[in-house]
Amino acid sequence: MTTPILEIRNLHARIEEREILKGVNLTIPAGQVHAVMGRNGSGKSTLSYVLAGKEDYEVTEGEILLNGENILEMEPAERAVAGIFLAFQYPIEIPGVATMTFLKAAMNAQRKARGEGELSTPDFMRAVKEAGAQLNIDADMLKRPLNVGFSGGEKKRAEILQMALLKPTLCVLDETDSGLDIDALQVVSKGVNALRADNRSMLVITHYQRLLNHIVPDVVHVFSDGRIVESGDKDLALQLEAKGYADFDGAAA
Amino acid sequence: MRQTMPVRLGAAEDTLIAQLKSVGADATAERITVAGLPTRRVESYHYTDLKTLLRSIPPLAQAANEASAPALRVPGAYQLMIANGVIQSASTAPAGVIVGKAAGGVLTTRDDVLVHLNGAFARESLTLTLENSVDPVIQIDRRSEGEAAHVADSLKVFVADGASAVILETFSGSDAAHVGNHATYMVLGKNAVVTHITIDLSPRSASHFASNEYHVGEGAKLRTLVIHAGAGLARTQLFPRYEGAGAHGDITGLNLVVDGQHADITMDASHAVPHTSSQPLFKSVARGRGKAVVQGKLVVARDAQKTDAKFMHQGLMLSDEAEILSKPELEIYADDVVCGHGSTCGKLDEDSMFYLTSRGIPKDQAETMLVRGFIEELVDPIEDEALAEALHGIVDGWLLGK
């Protein structure tokens with residue numbers, strides 16, 4: 001059997017004294033899209049932050065393997081270079097840094113860390129233009145400071161643009177549907193679907209089944225109180241939508 | 001009962017007194033003899049105690065024999081140089097610029113030791129009269145050259161009604177314990193538009209003092225940008241006075257300090273007539289045990305109704321030992337005004353750092369990006385591209401060099 005892209009084993013994590021992840025087990029083989037659904041406060045977003053390496057969280061037990069390699073000791077930048085990309089639920093506004101400048105810095109930093117040469121300006125411009133066109137992102141938006149004054153839709157499209165340019169092996173999408181109207185949801189979903197590939201996996205975190213109509217998952221997991229309590233195919237999302245989370249929480253207790 | 005205690009004078013004060021007497025400035029010598037250099041007990045020097053910080057004064061400057069490399073070149077700029085207080089002959093001035101000299105200093109007398117000292121020591125002042133709008137950046141390259149010297153120089157600029165100009169002043173020189181005391185006096189005529197940038201690029205061994213006095217006329221717009229990025233001890237004093245309806249000032253400044261540096265921007269602004277406005281915005285970035293000070297005083301005269309002024313100072317601490325001190329003051333005698341002040345200070349935002357590093361950008365590079373972003377608000381309004389690029393170069397040099 002080939003090594004899965006992501007393997008999480010008995011992951012426990014806490015912030016300050018509060019334990020939030022209480023034994024997460026999750027394996028995503030190459031090429032698959034897995035959805036994690038759960039109510040507010042169940043620990044879904046924490047899982048995404050812990051994957052990306054946010055310092056506020058302390059992993060107390062367990063392992064995260066990316067392509068078979070433990071990444072827990074890695075800094076966020078090293079994890080990005082190793083292939084993790086987190087599309088933020090609330091992308092951070094960075095005043096004074098033009099989006100274009102940021103994109104170039106991120107791409108070149110990853111290339112440098114992998115021992116590749118810097119992108120030439122024409123190659124960079126071409127890559128951004130191509131990726132941007134699919135997401136309705138024009139040059140004007142790229143000149144603005146990163147995420148500053150972007151609408152909800154613009155922020156999410158900019159996240160997917162970064163994802164397209166950085167070509168990660170594991171995409172973690174944290175509530176990518178939040179703050180999106182139907183049109184924007186379609187543009188973003190299309191962008192995400194275009195990035196589905198045999199050598200890339202995705203973890204899609206969401207409240208609502210709606211997003212999963214657009215980004216159809218191979219496996220759906222129900223998250224409750226810091227762990228996965230149920231897994232199934234995409235129909236599980238429909239059941240959740242119909243019955244609510246209570247049934248599944250009950251089963252977990 | 002009040003006792004008059006004689007002030008104990010230090011070596012710096014003794015030298016100053018002797019130097020003042022040698023140029024016949026007996027009144028100023030007497031003041032120093034009685035009061036000494038200001039200590040923290042003097043409100044306007046509370047955070048910059050000159051008696052403690054200024055331990056010695058080098059000999060008065062002689063004409064320079066050699067010049068170090070220019071600290072900043074802006075392509076296309078018209079350059080004038082003052083070296084060790086002596087105005088150097090200049091190339092042909094652009095159309096509408098009249099260059100001249102006048103004897104003595106330029107500042108209006110006020111109760112301030114740096115102003116007094118400049119008035120006593122500045123032998124001649126460079127005068128610029130701008131009769132109409134001037135396209136090229138005008139750069140005044142002020143130097144302290146040779147052995148450690150006490151240098152005083154002064155500049156007077158008249159900007160005619162409706163004229164616009166960008167005036168850049170740079171302060172630099174040889175690596176020696178110079179004490180520079182610089183003055184600029186600027187008058188903006190009706191509807192004049194001026195950008196005045198002063199950048200201290202002196203060596204760390206030097207002490208840099210500058211006092212800039214502005215008279216902003218009716219409908220005139222002044223933008224200033226002070227950058228402290230050189231001397232071990234730096235203080236720039238800004239004295240804008242809004243004298244005509246519609247006068248506006250974007251008074252901005254930036255302290256960049258590393259371990260062992262002390263930089264102070266002190267503004268004392270006067271809204272003298274009705275319907276004037278100002279937006280003072282200062283930023284400080286401190287590393288190591290660096291110390292940055294911003295004092296901002298807005299004085300609104302009794303008659304100056306409808307004044308709209310807001311002072312802001314934002315500090316960014318890049319180490320636990322850094323110190324950033326902020327003192328806003330409002331002195332309002334009118335009753336129908338909108339005035340305010342704000343001050344923030346903090347470290348780099350952790351969420352922003354996480355966001356950038358989660359994209360693969362290493363920590364130190366992410367930090368540089370965020371600091372550059374923090375400062376950008378001050379550089380962004382500079383329209384001249386070559387000048388903006390030069391300013392970015394200074395900021396980047398500071399960020400990457402230390």
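1. In which sense, left-handed or right-handed, does α4(A) pass α6(A)? The crossing of α4(A) with α6(A) is right-handed, a crossing being left-handed if the near helix is turned anticlockwise from the far one by less than a right angle, and right-handed if clockwise.

2. This is a predicted model, in which local features need pLDDT of at least 70 and side-chain atom pairs count only at pLDDT 80 or more, while totals for chains, interfaces and linings use all residues. Residues are numbered from 1 along each chain as its sequence is written, and chains are lettered from A and ligands numbered from 1 in the order in which they are written.

3. Helices α4 (residues 121-134) and α6 (residues 152-166) of chain A pack at an angle of about 130°, their axes lying 10 Å apart; axes are lines fitted to C-alpha atoms, for helices over the stretch in contact, and angles run from 0 to 180 degrees between N-to-C directions. That angle makes α4(A) oblique to α6(A), since angles under 35 degrees count as roughly parallel, over 145 as roughly antiparallel, 65 to 115 as roughly perpendicular and the rest as oblique.

4. Turning to chain B, strand β17 (residues 291-300) has nine of its ten residues buried, where buried means that 20 or more other C-beta atoms, placed from the backbone, lie within 10 Å of the residue's own. Strand β17(B) pairs in the parallel sense with β14 (residues 262-271) of chain B over ten bridges, and ten bridges also join β17(B) to the parallel strand β19 (residues 323-332) of chain B; strands pair if DSSP finds at least two bridges between them.

Key. Helices (H or I, at least four residues) and strands (E, at least two) are DSSP runs, numbered from the N terminus. A residue is buried if 20 or more other C-beta atoms lie within 10 Å of its own, exposed if 12 or fewer, and partly exposed in between; C-beta atoms are placed from the backbone.
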